[in-house]
Amino acid sequence: MTTSAFLYPWDVVGDPDAPARIADLGVGQVTLASAYHSTRALTPRHPHHRVVTAEHAALLYPPGELYWRGRELRPHAAGPWAPGDAFGRAAEALTAAGLDVHSWVVLAHNSRLGADHPETSVVNAYGDRYPWAPCIAQPRVRVHLVALAAEAAVRPGASGTELESCGWYGLAHLHAHDKTAGVPLDDTAQYLMSLCFCASCAQGYGQVGLAVAELRAQVRRALEPVWRGGPVADPGPDLLAATRAFRTRAARELQESAVTAVRGRARAGFQVLLHADPRPDRCGANVGVDPAHILGVADGVVVPCTAGPGLLDPFAACGVRDAVLAANLTVVSGMGGRPEALADDAARAAAHGATQLRLYHAGLASDADLAWVRKSGAVG
């Protein structure tokens with residue numbers, strides 16, 4: 001079973017021992033970030049640093065000036081955390097160690113875009129903007145994300161790609177110093193707080209028969225009990241169904257366009273996977289999709305399985321021949337992972353249809369966590 005370990009370029013660049021250490025885990029592939037959001041990350045074994053602060057969403061390679069010339073929205077190059085062609089240098093070192101490299105591209109999660117162009121962000125029913133969440137219903141945002149996917153995915157040294165956040169982003173963010181957990185939000189409340197009310201979304205709601213002013217009022221009424229500590233009020237099946245119809249259409253347009261654009265720049269055989277969740281209303285890194293649709297668009301999916309392999313079942317039930325169903329398992333114990341149980345978790349994922357494994361995240365894991373991965377015998 002093909003197994004890939006996630007890495008950042010800064011896990012490799014400047015550490016000559018990193019490629020061999022990753023290869024020694026038994027994995028045959030690395031999923032290496034080429035476009036990534038802001039983060040603060042540990043580098044437990046790097047000879048020159050222990051913490052890397054990526055101050056804003058950025059390309060981890062030099063942006064193509066000709067490619068981006070004249071475009072209204074442009075990505076930013078990385079700062080000192082990934083100077084120059086950090087992706088390219090890391091990919092070359094990993095390839096020399098016998099590892100296959102796939103790019104890892106984060107799309108609709110970009111606080112720098114929201115800061116530079118606030119009008120591109122999701123706006124909730126209360127008028128609050130989410131600067132980390134570009135609204136994918138806006139045509140110019142979609143054009144930007146498709147262009148970003150194509151350039152960041154097809155990098156020298158990469159034989160495939162994984163597209164993360166290729167759909168709606170919402171309230172949940174893991175923001176620095178996050179203070180949003182004081183009032184618990186169930187799945188319905190999270191969905192309602194993630195609905196966007198920008199001009200493009202207002203037009204889209206109108207196309208499915210929803211008046212935006214009344215929709216905003218309905219959402220607020222449904223959420224009002226939550227702020228008092230109670231359950232969300234039933235917003236009604238018509239509201240949920242109609243908003244999901246519009247949002248699903250917008251997400252599909254982005255996903256289809258992004259995959260087509262990547263394949264248009266890639267050589268034959270370049271693999272394109274999406275990080276995905278089979279529950280269509282889900283927002284975030286693992287975007288909600290219709291399994292049958294997405295497996296007809298991309299070569300497969302990467303599915304979160306740390307909490308259990310059940311999310312694989314709807315994808316496996318589609319019976320799409322040769323589709324990649326990659327089970328994503330966290331192997332960082334400090335982030336809720338179970339590296340000591342990797343063999344059992346991998347076997348359970350395979351029983352639910354997984355054809356590949358993803359290990360999150362070889363650069364963040366401690367030596368003890370990586371030792372469990374090596375001992376597991378589950379990777380290869």
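## The largest cavity

The largest cavity has a volume of about 150 Å³. Its lining is made up of 17 residues, and those closest to the centre are Arg247, Thr248, Ala251, Pro280 and Gly288. The structure described here is a predicted model.

Which helix supplies the largest share of this lining? Helix H9 does, with six residues. Helix H9 covers residues 237-265, and helix H10 covers residues 291-295; each of these two helices supplies at least two residues of the lining of the largest cavity.

By class, seven residues in the lining of the largest cavity are nonpolar, six are charged and four are polar.

## The second largest cavity

The second largest cavity holds about 90 Å³ of space. It is lined by 13 residues, and Asp11, Asp15, Arg21, Arg45 and Gly363 are the closest to its centre.

Helix H1, residues 18-23, gives the most to the lining of the second largest cavity, namely three residues. How many residues of each class are found in this lining? Six are nonpolar, four are charged and three are polar.

## The count of cavities

Rolling a probe the size of a water molecule over the atoms shows where empty space is left. In this predicted model, the count comes to three cavities of 30 Å³ or more.

Key: Residues are numbered from 1 along each chain as its sequence is written. This is a predicted model: local features need pLDDT of at least 70, side-chain atom pairs count only at pLDDT 80 or more; totals for chains, interfaces and linings use all residues. Side-chain values use heavy atoms; hydrogens and water are left out. On a 1 Å grid over the protein atoms alone, a cavity is a set of points where a 1.4 Å probe fits but cannot get out, and a pocket is an open set with protein on both sides within 12 Å along at least five of seven lines; lining residues have an atom within 4 Å of a point. Grid points are joined across faces, edges and corners, and a volume is the space filled by probe spheres set on the points. Helices (H or I, at least four residues) and strands (E, at least two) are DSSP runs, numbered from the N terminus. Ala, Val, Leu, Ile, Met, Phe, Trp, Tyr, Cys and Pro count as nonpolar, Asp, Glu, Lys and Arg as charged, and the others, Gly among them, as polar.
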